[in-house]
Amino acid sequence: MTTENRIATIAVLGALDEEIDLLARHLSDVKNVKEAGLTVTTGTVVTNRGNTVRVVATVAGMGTVAAAAATQHLITKYSPVAVLFSGIAGSLNKDLHIDDVVLGGTLRYLDSDMELISASNPEVKEYHSDPRLIRIAEQALEEQGTKYIIGVIASGNHFVAGDELTASVKEQTGADAVEMEGAAVLHVALKNKVPALVIRALSDNADTEYESFRHFDISRFADTASELVLAILKRM
Ligand code: ADE
């Protein structure tokens, strides 16, 4: 991914501070700037092959609009060669366990009329992580021995908890996991023709109301996703 004479930039987004913390701690030459309503952290990582990649990371905030705005900002300002989303998700798949990883093979919006949305560029009804980035992530996950699937992830603008809501999400999207940003990140990346990958570590079984969930320490699961981002960067 490193281009001749120029350091390649990789953009990394999370929705919450915990989803970016571990990565930020592992960067060298770190600078923080405030722009476009975001704090953007830049730094470098030395890859296993001894190349340097520049990382530009930010916490977008929750929801599809915040994710879309932050993704577009990073692409426009920093011209990354790839966009990675690192975060947690609720599990909808009984074969998966907390802290397993779902790579976003397919991302689908919740509660959305995709006939209308797909009438505009990029004219698709669902979004896919880049196969080359998925392959790099799989190699890293296999080396770590982390259980993962390449699955379907649903993105919507509300937290999902309880039998009725999970049944509705599964019926609408067939998803293995649910979160609030991934489809928007891939949507904007595709509009800009930038390869992107959504990484989600499972933090819950979509059975806990947000009022309780927000008091949980999610850093262990957020770190699982962030560690994978670092391992991917090292493989570039
Ligand atoms: N992120 C983590 N868990 C979630 C859930 N249950 N619903 C939506 N987003 C989530």
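Colleague: What is Thr 41 in contact with, leaving aside its neighbours within four places in sequence?

Modeller: Thr 41 is in contact with Leu 27, Val 30, Lys 31, Asn 32, Val 55, Val 56 and Ala 57. Contact here means heavy atoms within 4.5 Å.

Colleague: Before we go further, what should I know about the model and its conventions?

Modeller: This is a predicted model, in which local features need pLDDT of at least 70 and side-chain atom pairs count only at pLDDT 80 or more, while totals for chains, interfaces and linings use all residues. Residues are numbered from 1 along each chain as its sequence is written, and side-chain values use heavy atoms, with hydrogens and water left out.

Colleague: Back to Thr 41, then. Where is its place, and is it buried or exposed?

Modeller: Thr 41 belongs to strand S3, residues 38-46. Helices (H or I, at least four residues) and strands (E, at least two) are DSSP runs, numbered from the N terminus. Thr 41 counts as buried because its relative accessibility is 10%; buried means under 20% relative accessible area, exposed over 50%, and partly exposed in between, with a 1.4 Å probe and protein chains only.

Colleague: Let us change topic. Which residues of helix H5 are buried?

Modeller: In H5, residues 163-173, they are Thr 166, Val 169 and Thr 173. These residues lie on the same side of H5, because they cover an arc of only 60° around the axis, the arc being that of the directions from the helix axis to the C-beta atoms. Asp 163, Glu 164 and Glu 171 are exposed on the other side of H5.

Colleague: And what covers the buried residues?

Modeller: The cover includes strand S6 (101-109), strand S7 (148-155) and strand S8 (177-179). Val 178 lies in strand S8. Val 178 is buried, at 7% relative accessible area. Val 169 is one of the contacts of Val 178 beyond four places in sequence, and the others include Ala 89, Leu 110 and Val 160.

Colleague: Which residue takes a positive phi just after H5?

Modeller: Gly 174 does, at about 65°. Most residues other than glycine have a negative phi, and most peptide bonds are trans.

Colleague: Which residues depart from that pattern?

Modeller: Ser 79 has a positive phi near 45°; Ser 79 sits in the loop between helix H2 (64-78) and S5 and is partly exposed, at 48% relative accessibility. Lys 193 has a positive phi of about 55°; Lys 193 is in the loop between helix H6 (182-191) and S9 and is exposed, at 74% relative accessible area. A cis peptide bond, with omega about 15°, joins Asn 121 and Pro 122. Pro 122 is in the loop between helix H3 (114-117) and helix H4 (131-144).

Colleague: How does the lining of the largest pocket divide by class?

Modeller: That lining has 13 nonpolar, three polar and seven charged residues.

Colleague: And which aromatic residues do ring pairs link into a cluster?

Modeller: Phe 159, Tyr 210, Phe 213 and Phe 216 form that cluster. Rings of Phe, Tyr and Trp (its six-membered ring) pair if their centres lie within 6.5 Å.

Terms used
Rings of Phe, Tyr and Trp (its six-membered ring) pair if their centres lie within 6.5 Å; planes under 30 degrees apart count as stacked, over 60 as edge-to-face and the rest as tilted. Ala, Val, Leu, Ile, Met, Phe, Trp, Tyr, Cys and Pro count as nonpolar, Asp, Glu, Lys and Arg as charged, and the others, Gly among them, as polar.
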